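Here's a quick tour of a protein–DNA model. Have a look at the structure first, then read on.

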2 protein chains.
Amino acid sequence: MNNPLIRKLEKFTKLSSGEMQVLEQVAAEGLRQLGTREDIIREGDRPQALNLILSGWACRYKHLEDGRRQIMAFFLPGDLCDNHVFVLREMDHSVGTLTPVTFAQIPRRRIDEITLSHPRVTQALWWASLVSTAIQREWTVSLGQRDALERMAHLLCELFVRLRVVGLTEENRCELPLTQAELADAMGLSTVHVNRTLQELRAAKLIILKGRTLTIPDLEALQSAAQFNPNYLHLEHEGQHLDAND
Amino acid sequence: MNNPLIRKLEKFTKLSSGEMQVLEQVAAEGLRQLGTREDIIREGDRPQALNLILSGWACRYKHLEDGRRQIMAFFLPGDLCDNHVFVLREMDHSVGTLTPVTFAQIPRRRIDEITLSHPRVTQALWWASLVSTAIQREWTVSLGQRDALERMAHLLCELFVRLRVVGLTEENRCELPLTQAELADAMGLSTVHVNRTLQELRAAKLIILKGRTLTIPDLEALQSAAQFNPNYLHLEHEGQHLDAND
DNA sequence: GATTGCCGGTAACCCATGTTAAAGCGGTCG
DNA sequence: CGACCGCTTTAACATGGGTTACCGGCAATC
């Protein structure tokens with residue numbers, strides 16, 4: 001089970017082997033590969049399929065007319081870009097890769113089939129999509145209220161925890177394949193200030209960041225610097241959520 | 001049809017009179033009323049029902065430990081607070097009123113019934129929920145990239161257009177029952193700077209704001225000051241989106 | 001092994017926005 | 001009627017973060 005989607009959904013609910021097989025197969029079907037800094041889908045396109053990231057990092061972003069860019073979300077392995085977008089006529093933003101990416105394009109019909117025949121998977125996908133909108137809200141809080149240091153620390157906590165869910169951390173380390181310019185576009189800061197802020201986090205011994213490897217010597221310390229409360233990731237489950245109505 | 005939800009969904013798809021009746025009835029069932037500045041649901045609560053705002057304004061917000069507060073969304077008549085939240089164990093934020101509010105609490109079971117028997121309504125609710133997450137993303141863009149003037153202008157455009165959808169504007173006017181402190185909490189600005197910014201918009205003749213009434217003499221001018229592109233509200237439909245798979 | 005381009009790092013300066021404080025201005029309630 | 005309260009407005013001052021500009025390392029390319 002190296003499928004990161006399954007790994008993630010299992011944080012929410014136990015899946016039967018049949019359900020896992022369905023997910024495995026769906027992921028194996030419409031496989032695609034892209035290099036660094038290519039678009040998976042563009043603003044204005046008509047959404048046709050649901051994209052599932054299998055390896056590599058991508059992001060959701062939007063350009064303003066004068067060239068400013070905001071990254072609105074990072075997509076990690078196991079993340080789906082927008083459940084149910086096909087209801088909309090056209091994309092209001094773009095999704096692009098940050099590293100080489102492998103992803104699966106899941107056609108609308110496949111989703112509908114799964115929804116009809118696998119209620120527990122449906123609910124787990126619901127959960128995943130609620131979590132990703134909760135992440136979006138938390139970014140609103142960061143951008144609106146947190147200063148540069150808290151904001152960076154918060155993002156790093158979030159990414160670390162999300163990567164851990166899909167098994168992409170080792171002890172207190174993970175990959176962080178983002179340039180400082182990309183971090184800046186995500187956090188609404190200038191690249192210069194991202195650099196200052198990272199220095200400050202390093203000086204405070206809250207992070208070790210060398211090359212593409214992030215090490216967090218003391219996660220609790222970083223969390224408290226960020227006022228990071230993981231509740232919005234909804235990882236605490238209580239067994240089966242499924243009841244007779246689903 | 002003074003039901004604002006129906007009004008809104010009809011921007012997406014035509015509803016049959018039967019479908020409208022179902023929605024009317026659902027809205028009439030679990031009616032509740034609250035005064036100004038009360039909570040509809042609180043962080044930590046277990047979500048039990050879907051709340052539909054029928055009149056008045058509410059907001060989604062979160063407090064940080066040190067008292068800072070971020071308003072993450074405004075809810076207007078016709079807005080649903082979080083389709084499908086009941087999948088989650090507990091709320092990661094609160095929803096509170098900004099004015100006296102009438103809302104309907106729709107129990108989970110009713111939603112499931114509608115979903116099973118009225119695919120077109122289901123799809124319209126999907127659309128509404130996709131639009132509200134698109135709004136959340138646009139706030140990320142505002143907070144990350146737009147300066148105070150663009151940000152305020154953008155918010156006012158958005159609120160005006162959303163109110164117009166549910167028939168709550170008259171020509172170029174609408175109610176704006178928000179204090180400057182509430183605007184500040186939403187836009188990540190200080191109250192002082194909100195005041196400065198509103199003065200600036202007034203001086204530029206982009207808005208007339210007196211008491212709780214907002215007048216926009218020239219919507220296009222305001223939109224262009226804000227770089228407001230309404231595409232993210234997905235109001236341009238192309239007739240029936242419903243096909244055989246739904 | 002020179003050239004080019006990308007990325008991280010720094011420094012000097014500047015401005016948008018925050019902070020603090022205080023005054024004005026209706027409403028409303030006792 | 002007077003006192004209070006919530007809200008807006010203004011002013012003086014402080015600062016976090018933006019801008020511009022430059023350096024150096026390093027990997028890919030020829």
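A residue counts as near a strand if one of its heavy atoms lies within 4 Å of it. For DNA strand C there are 16 such residues, and Gln180(A), Arg202(A), Ala148(B), Ser190(B) and Arg196(B) come nearest.

As for phosphate oxygens of DNA strand C, one sits 3.0 Å from a side-chain N or O atom of Arg202(A). A polar side-chain atom of Gln199(A) is 3.4 Å from a phosphate oxygen, while Ser190(B) uses a backbone N or O atom, at 3.1 Å.

## Ground rules

The model is predicted: local features need pLDDT of at least 70, side-chain atom pairs need 80 or more, and totals for chains, interfaces and linings use all residues. Residues are numbered from 1 along each chain as its sequence is written, chains are lettered from A and ligands numbered from 1 in written order, and side-chain values use heavy atoms, leaving out hydrogens and water.

## Two domains in chain A

Chain A splits into domain 1 (4-138) and domain 2 (146-233), with bounds from an automatic or database domain assignment. Their C-alpha centres lie 23 Å apart.

Glu138(A) forms a salt bridge with Arg146(A), with the closest N and O atoms 2.4 Å apart.

How values were computed. Polar contact = N/O pair within 3.5 Å; in protein donor to acceptor, adjacent residues only side chain to side chain. Salt bridge = Lys/Arg side-chain N within 4 Å of Asp/Glu carboxyl O.
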